[in-house]
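Student: I would like to learn how to read aromatic contacts in a protein model. Please take me through the structure below.

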Amino acid sequence: QVHVLESGGDLVQAGGSLRLSCIASGSIFSIKLMGWYRQAPGSQRELVAIITSTGNTTYADSVKGRFTISRDNAKNTAYLQMNSLKFEDTALYYCNIIVTSTAWSAAEFGYWGQGTQVTVSS
């Protein structure tokens, strides 16, 4: 049983900032990867940013230089700091984690949160 919960989404004016949080809980032995994705109505879900267990990060070109992903391993939490927000950033933002559940198995499992809405006004 693994649960993922996002929070922090809000309505914000263009140029403003938001900080999203993702908390993972349950039967987790190790979190291999945490990532943020987003989906606007009628659009495909797309990668925003990912961070590995060693701290390596990857960003979509559309958010590079404006968004920063980070994690607190002790709290099983990932963050997405979003600055200089644009109207085009409006979407439902999802957190995804890849975990191993036991010390004796290398099997990996992926889990998604329910999403948190970010709306950017002009």
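Student: Is Y37 buried or exposed?

Tutor: Buried means under 20% relative accessible area, exposed over 50%, partly exposed in between (1.4 Å probe, protein chains only). Y37 has 19%, so Y37 is buried. This is a predicted model: local features need pLDDT of at least 70, side-chain atom pairs count only at pLDDT 80 or more, and totals for chains, interfaces and linings use all residues. Residues are numbered from 1 along each chain as its sequence is written, and side-chain values use heavy atoms, with hydrogens and water left out.

Student: How many aromatic pairs does a search of the whole structure find?

Tutor: A pair of aromatic rings is described by the distance of the centres and the angle of the planes. Rings of Phe, Tyr and Trp (its six-membered ring) pair if their centres lie within 6.5 Å; planes under 30 degrees apart count as stacked, over 60 as edge-to-face and the rest as tilted. The search finds 2 pairs. In one, the centres of Y37 and W112 are 5.0 Å apart with planes at 65°, so the pair is edge-to-face.

Student: What is the accessibility of W112?

Tutor: W112 has 40% relative accessibility, so W112 counts as partly exposed. The rings of W112 and Y94 also pair: centres 6.4 Å apart, planes at 85°, so edge-to-face. Y94 is buried, at 12% relative accessible area.

Student: Which residues form one aromatic cluster?

Tutor: Y37, Y94 and W112.

Student: Where does the charged end of R45 sit?

Tutor: A charge sits over a ring if NZ of Lys or CZ of Arg is within 6 Å of the ring centre and within 35 degrees of the ring normal. The charged end of R45 sits over the W112 ring, 4.5 Å from its centre. Likewise, that of R19 sits over the Y79 ring, 4.2 Å from its centre.
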